[in-house]
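Here is a short report for a reader new to this structure. Take a look at the model, then read on.

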Amino acid sequence: MKILVCISHVPDTTAKIIFTPDNKEFVSQGVTFIINPYDEIALARAIELTDGGKGTVTAINIGDISTEPTIRKALAIGATDAIRVNAAPRDGYFVAAQIAQIAKQNNYDIILCGRESSDHNGASVPSMIAEMLGVPAISSAKKLDVEGTNANLEREIEGGKEMVSTSFPFVAGASEGMAEPKIPNMRGIMSARTKPLTVVEPVDAPELSKIVSYDKPVSRSSVKMIAQEDAGKLWDMIREEKKII
Amino acid sequence: MSVLVYVENVEGRFKKSTFELVSYGFAVAQKLGSSLTALSIGEVGSDELQKLSLYGASKILQAKNEKLKTVNVQPYASVIADAAKAEGAKLVVMSASFSGKGIAARVAVKLNAGLGENVVDLPDTSNGFVVKKGAYSGKAFAMVQITSDVKVISVVSNSYKVIENKVDGSVQPFEPQLNDNDFRLTVKETIRASDKISLPDAELVVSAGRGMKGPENWGMIEELANVLGAATACSKPVSDAGWRPHSEHVGQTGIAISPNLYVAIGISGAIQHLAGVSSSKVIVVVNKDVEAPFFKAADYGIVGDAFEVVPVLIEAAKKFRAGQN
């Protein structure tokens, strides 16, 4: 079984998000970067599925050289080898086009991504890769089990869940529940240094969209504190002042 | 040229979020000086389809086929892309639901279209076509210019109002061209908690955290939600501990929601949690710790023990709702 796991290099979940004064760029100075939390789930499940010599896990990232520590961490957690496509990840389409290109050359059985990245939240890359390859995608998959060359998955839908099955090859976006993220051990960290990390140049992809600026949510004016003995007045207060209930 | 909106149905019915989406599509079509076509896939009665014209759909396409009875992302995307081509649509709009996001991504690739996901407002068409979308897990918004000729966007529910705009709308069949390769995925079972309000669509949400001390104490949270007509949600530590299902976890690594009212009980308000709920219109925080960071992000705060405050809120909500009827 050959599994490709797509890794995004994202700001730590506790990082403060700050932009340049013209609001055009994210300020990455002083920010710790991590493996996207959903990608960690995907990676952990891939390692479980191939455990005991049942297959290989290749980690792939689209990024410049600054993302290599993040890729090395994926190797330390247990990926067999890794590929870095040497380019800034312009938009979801660009990223998907790079991954689809690598996938066409290598015949992976399963391509696992996180459900979405915590920086752009588009949740579009898994389905875009699948569309480019002409294979099924299961976005927001909470369970993934493999039997031979078939897979059973559980995916989230509004107000419920759905059990689906498909055969290799396919793409899935991992969500909470698929696996517990793994922490690298000392042996993993040592061996990650010598595991193969191949750098390839990107293929062309059309520019279909671009971020022109960022904005921060409006902060709330100020909190209105209600004494505990007045808690019963809350709903009337909200109706009068906010007219939403 | 037209705007095409793909309308989801749940067991043959349209939800309020669908009418929101059609209202949104109509507003964009007006901005672009074009008309709005709605496309429904699956089994929906003609009376239900006709309702779409109340919100501005002047043409309503219905794609029906035995194999399209349940939502299946791959063939649905093919049908939508075919309809967009047949209509000469320059903009395709759909819901940023779990399946909608997957469908939007596939349709965008099929049409060589730029994609704007999780859009929260009408596009700015004063200089090109710029959409506002959520970014950094609720901590920011990104303005994305879509530069391609054909564009696809997915819109977050509760970000636009249902607005009546009655037009003459005719329901017409749309003959889907099915492709075997689109049916490699089989849906074996769909489980929907029909008695519960779906969290991503909910207008009112009651959420609780570790302050509830254990899963056995959730009865009062469910009762409050029930009385208000709200969905229930929880914080990450609660779903990690298995007190509540992962599907209820809101926050940076859970689902992001934007209800009209978010009531947080016994949740301290870690930055990751705030990220997922900060676009709620009104936030109420109940916490016994006056220093809880969530109070800084709230509109209303009550300092008190959840086990004392929540029963009072339930009784007051009963009277409040009774007074409305």
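B:Ser198 touches A:Glu158 and A:Gly159, not counting residues up to four places away in sequence. Contact here means heavy atoms within 4.5 Å. B:Ser198 sits in the loop between strand E10 (186–192) and strand E11 (204–208) of chain B. Helices (H or I, at least four residues) and strands (E, at least two) are DSSP runs, numbered from the N terminus. At 13% relative accessibility, B:Ser198 counts as buried. Buried means under 20% relative accessible area, exposed means over 50%, and partly exposed lies in between (1.4 Å probe, protein chains only).

This is a predicted model, in which local features need pLDDT of at least 70, side-chain atom pairs count only at pLDDT 80 or more, and totals for chains, interfaces and linings use all residues. Residues are numbered from 1 along each chain as its sequence is written, chains are lettered from A and ligands numbered from 1 in the order in which they are written, and side-chain values use heavy atoms, with hydrogens and water left out.

**Chain A overall**

Chain A has 6 helices and 13 strands. Its C-alpha trace spans about 65 × 45 × 40 Å along the principal axes. Of the 245 residues in chain A, 54% are buried. Take the contacts in chain A between residues at least 6 apart in sequence: 69% of them join residues at least 24 apart. Chain A exposes about 10,800 Å², and carbon and sulfur atoms supply 50% of that area. Accessible areas come from the Shrake-Rupley method with a 1.4 Å probe; for residues, only the protein chains shown count as cover.

Helix H4 (residues 125–133) of chain A is mostly covered, with 8 of its 9 residues buried. Among them are A:Val125, A:Ile129 and A:Glu131. After H4(A) comes A:Gly134, whose phi is positive, near 70°.

A:Gly52 lies in the loop between helix H1 (37–50) and strand E4 (56–62) of chain A. The C-alpha atoms of A:Gly52 and A:Gln105 are separated by 26 Å, and the two residues are 53 apart along the chain.

B:Glu248 is placed in the loop between helix H6 (236–240) and strand E13 (261–265) of chain B. Which side chain does B:Glu248 join in a polar contact of 2.8 Å? The partner is the side chain of B:Thr232. A polar contact is a pair of N or O atoms within 3.5 Å; within protein, one must be able to donate a hydrogen and the other to accept it, and residues adjacent in sequence count only if both atoms are side-chain atoms. Leaving aside neighbours within four places in sequence, B:Glu248 is also in contact with residues including B:Lys196, B:Leu199 and B:Cys234.

B:Asp240 is found in helix H6 of chain B. Beyond its neighbours within four places in sequence, B:Asp240 is in contact with A:Glu176 and B:His246.

**Cysteines**

The structure holds 0 disulfides over all chains. A disulfide is a pair of cysteine sulfur atoms within 2.5 Å.

| Residue | Relative accessible area | Class |
|---|---|---|
| B:Cys234 | 0% | buried |
| B:Glu248 | 5% | buried |
| A:Cys6 | 7% | buried |
| B:Asp240 | 47% | partly exposed |
| A:Gly52 | 71% | exposed |
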